Amino acid sequence: MSTQRLNLADAHLAQANAARGLPVSQILMDRGQVAPKVMLGALAEAERLRRPVARVLESEALASREDVLASQAARHGALVLRRDDSPPDPQVTSLLPAATCLAHAALPWLYIGDTLVIATARPDDFAALRASLPNEIGPVMMALTLEEDIHAEIAARHGDALARHAETWRPAADSCRDLNQSSRRGRALGALAALAVALCLALAPALLFGAALALALTSLVMAQGLKLAALFASRRQTAPAQPTLPADPPRVALLVPLYQEDGIVGPLVARLSRLTYPRTLLDVMLILEERDHQTRDALKKIRLPPWFRVIEVPDGPITTKPRALNHALAFTDADIVGIYDAEDSPAPDQIDRVVHHFAHAPPEVACLQGILDFYNPHANWLSRCFAVEYASWFRVLLPGLSRLGFAVPLGGTTVFFRRAALEKVHGWDAHNVTEDADLGILLARRGYRTELIASVTREEANNRFWPWIKQRSRWLKGYAVTWWVHSRNPRLLWRELGPKKFLGMQLLFLSTLLQFTLAPVLWSFWLVLMGLPHPLDPYLSGTAITSLTALFLSAEAIAIFIGLAAVARSPHRRLMPWVPTLFAYFPLGTLAIYKGIWEVARNPFYWDKTQHGHSAPDAPDADLPEKL
């Protein structure tokens with residue numbers, strides 16, 4: 001260690017010894033950095049939340065991080081080390097694994113003689129860290145630094161390794177990362193299947209068309225039956241009474257992946273700042289890709305609240321949301337982990353309700369899914385139909401599936417997890433472009449349950465034609481991949497889910513995928529209505545045509561009925577006249593699924609990014625969720 005650094009250490013120690021042993025609160029007041037009245041309120045909040053007063057002061061911006069750090073150093077008689085002033089010795093930082101350093105908010109920094117100096121952001125927990133150290137490390141002493149300096153150093157030294165871990169954390173058996181690695185046997189079977197279809201099309205086209213029709217009709221009946229069952233099982237969700245915090249309220253991390261979102265980060269920070277959960281217990285993590293300079297530049301122009309921070313994900317072979325989530329999870333110790341998207345506007349008391357629900361739910365309830373809605377449903381016809389579809393999904397179908405005891409495919413946002421359960425299933429599949437649906441099924445396979453909560457998040461309806469197609473193709477591609485991952489070992493899936501959940505999953509995923517894929521087969525019957533020849537004319541009697549017409553009309557009636565019921569449960573009753581127009585909306589999904597199928601074959605892990613910030617709220621307060 002240089003003479004200059006030794007002198008710096010001596011100066012810090014002399015200053016610290018002057019107030020050694022005094023409470024942080026007293027030191028800050030004695031130095032005039034926090035007024036006694038303000039400190040009294042901070043102490044009361046620290047007692048209520050059972051957290052150190054230092055964390056309360058920082059989170060509520062009642063004192064600067066530097067002042068709090070200096071007061072902690074004075075109390076413990078410890079060095080203050082900052083990364084910019086005295087960078088850690090790179091030969092020393094590797095003495096402890098990155099995971100251990102992140103878990104304890106501590107980092108080996110330098111040697112003074114034979115003594116290892118470990119800098120920590122949690123001085124009150126240093127004794128527990130010391131007890132867990134291996135004997136060969138030798139004598140250690142505590143220094144203090146900011147947690148952001150520890151994270152920055154770990155990211156610089158171990159970021160690439162942590163990113164690789166984020167990509168492969170999920171075991172291969174539960175991941176789709178081998179989807180583009182076909183075997184010789186698989187390629188041969190695929191070629192034979194394609195040849196058989198081509199021969200059937202050439203030699204017996206009516207047989208091929210008839211088989212496709214039977215499959216399409218079966219999926220149609222399955223889908224409408226499942227929707228009706230969900231409708232009758234669901235009920236209008238009403239928010240419970242005012243939520244109360246448990247005696248020892250948990251810390252909640254909110255992971256917000258961002259990519260090329262420079263136009264919406266300002267509103268995002270403002271909307272998340274409405275949350276009423278104690279800021280001392282909130283850890284909002286804005287997750288950026290290393291290459292995303294435009295979002296980083298936009299964030300530099302915003303003064304982030306002290307309970308916000310930015311996490312950068314190193315470049316890698318894939319750029320996906322689940323990879324970013326896995327990477328960021330390592331940088332927080334929160335007990336509950338929630339996900340928001342860049343355009344989200346959650347209900348102010350949403351986290352309070354999540355914590356209240358988890359506190360009263362049995363341990364097997366590992367996940368809570370909130371309601372998603374739009375703040376621009378009246379922007380155009382596409383946004384109106386999208387709003388009706390979202391109302392059907394989040395206010396009828398998902399609650400119904402949950403009450404029926406089926407596995408619940410999650411939404412990608414306003415979803416919250418017990419951290420222990422999330423770690424048990426090894427987080428998200430970094431290669432799956434619908435990581436949310438995949439995780440919902442995997443949680444069910446591991447014996448966990450998902451419940452719906454009556455709390456609303458508003459977001460922006462994607463209401464431009466081609467961006468809508470791209471977004472929907474990603475969703476449907478991910479649904480197909482998720483079905484394949486979980487169904488490639490059907491016996492194991494049956495054993496883990498049980499008969500009811502197994503059949504429910506197959507019904508949901510297969511009916512969705514087959515309906516969109518085989519919709520042109522059903523559309524072909526418009527030829528009959530127009531008096532044009534149909535490939536199955538020789539086999540279609542008048543009775544068959546009448547039966548098919550009745551089936552098609554019944555399916556449309558069920559779709560309209562569910563749409564009206566869903567809109568009635570939402571604040572968008574003015575959308576009811578638009579529900580019958582969904583017959584022209586759902587065919588867009590067929591265009592999307594063929595794009596998705598093409599991508600599964602060519603680039604299965606490509607994340608077709610949805611750009612936000614193109615459609616403003618319908619009114620200035622439209623992004624405020626309704627009262628349930």
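**Helix packing and nonpolar cores in the predicted model**

I441, A444 and R445 of helix α18 meet L492, L493, E496 and L497 of helix α20. The model is a predicted one. By class, this contact of α18 with α20 holds five nonpolar, no polar and two charged residues. The axes of α18 and α20 come within 8 Å and cross at roughly 65°. Angles of 65 to 115 degrees count as roughly perpendicular. That makes α18 roughly perpendicular to α20.

Helix α18 also packs against helix α19, which spans residues 465–487. Here the axes come within 9 Å, and the crossing angle is roughly 25°. Angles under 35 degrees count as roughly parallel. The helices α18 and α19 are therefore roughly parallel to each other. The crossing of α18 with α19 is right-handed. On the α18 side, the contact is made by A437, D438, I441, L442 and R445. On the α19 side, Y479, T482 and H486 take part. The contact of α18 with α19 comprises four nonpolar, two polar and two charged residues.

One further residue of α18 is G440. With a relative accessibility of 2%, G440 counts as buried. Leaving out residues up to four places away in sequence, G440 touches V408 and L410. G440 and G370 are 70 residues apart in sequence. In space, their C-alpha atoms are 14 Å apart.

Helix α20 (residues 490–497) has a contact with helix α21 (residues 499–523) as well. Their axes come within 6 Å and cross at roughly 125°. That makes α20 oblique to α21. The crossing of α20 with α21 is right-handed. From α20, the residues in contact are P490, L493, W494 and L497. They meet P499, K501, F502, M505 and Q506 of α21. This contact of α20 with α21 has seven nonpolar residues, one polar residue and one charged residue.

The nonpolar cores come next. In soluble globular proteins, nonpolar side chains tend to be buried together. The largest nonpolar core in this model has 59 residues. Within it, L255, F417 and W428 touch the most other members. Another core, of 42 residues, lies apart from the largest one. Its members include L401, A437, I441 and M505. Of these, A437 and I441 belong to the α18 side of the contact with α19, I441 also takes part in the contact of α18 with α20, and M505 is among the α21 residues that meet α20.

Two loop residues have positive phi values. Q260 has a phi near 55°, although Q260 is not a glycine. Q260 sits in the loop between β5 (252–258) and α12 (265–272). Its relative accessibility is 29%, so Q260 counts as partly exposed. H426, also not a glycine, has a positive phi of about 65°. H426 is found in the loop between α17 (419–424) and α18 (435–445). With a relative accessible area of 29%, H426 is partly exposed.

Note on methods:
Residues are numbered from 1 along each chain as its sequence is written. This is a predicted model: local features need pLDDT of at least 70, side-chain atom pairs count only at pLDDT 80 or more; totals for chains, interfaces and linings use all residues. Side-chain values use heavy atoms; hydrogens and water are left out. Axes are lines fitted to C-alpha atoms, for helices over the stretch in contact, and angles run from 0 to 180 degrees between N-to-C directions. Helices (H or I, at least four residues) and strands (E, at least two) are DSSP runs, numbered from the N terminus. Angles under 35 degrees count as roughly parallel, over 145 as roughly antiparallel, 65 to 115 as roughly perpendicular and the rest as oblique. A crossing is left-handed if the near helix is turned anticlockwise from the far one by less than a right angle, and right-handed if clockwise. Contact means heavy atoms within 4.5 Å. Ala, Val, Leu, Ile, Met, Phe, Trp, Tyr, Cys and Pro count as nonpolar, Asp, Glu, Lys and Arg as charged, and the others, Gly among them, as polar. A nonpolar core is a set of buried Ala, Val, Leu, Ile, Met, Phe, Trp, Tyr and Cys residues joined through side-chain atoms within 4.5 Å. Buried means under 20% relative accessible area, exposed over 50%, partly exposed in between (1.4 Å probe, protein chains only).
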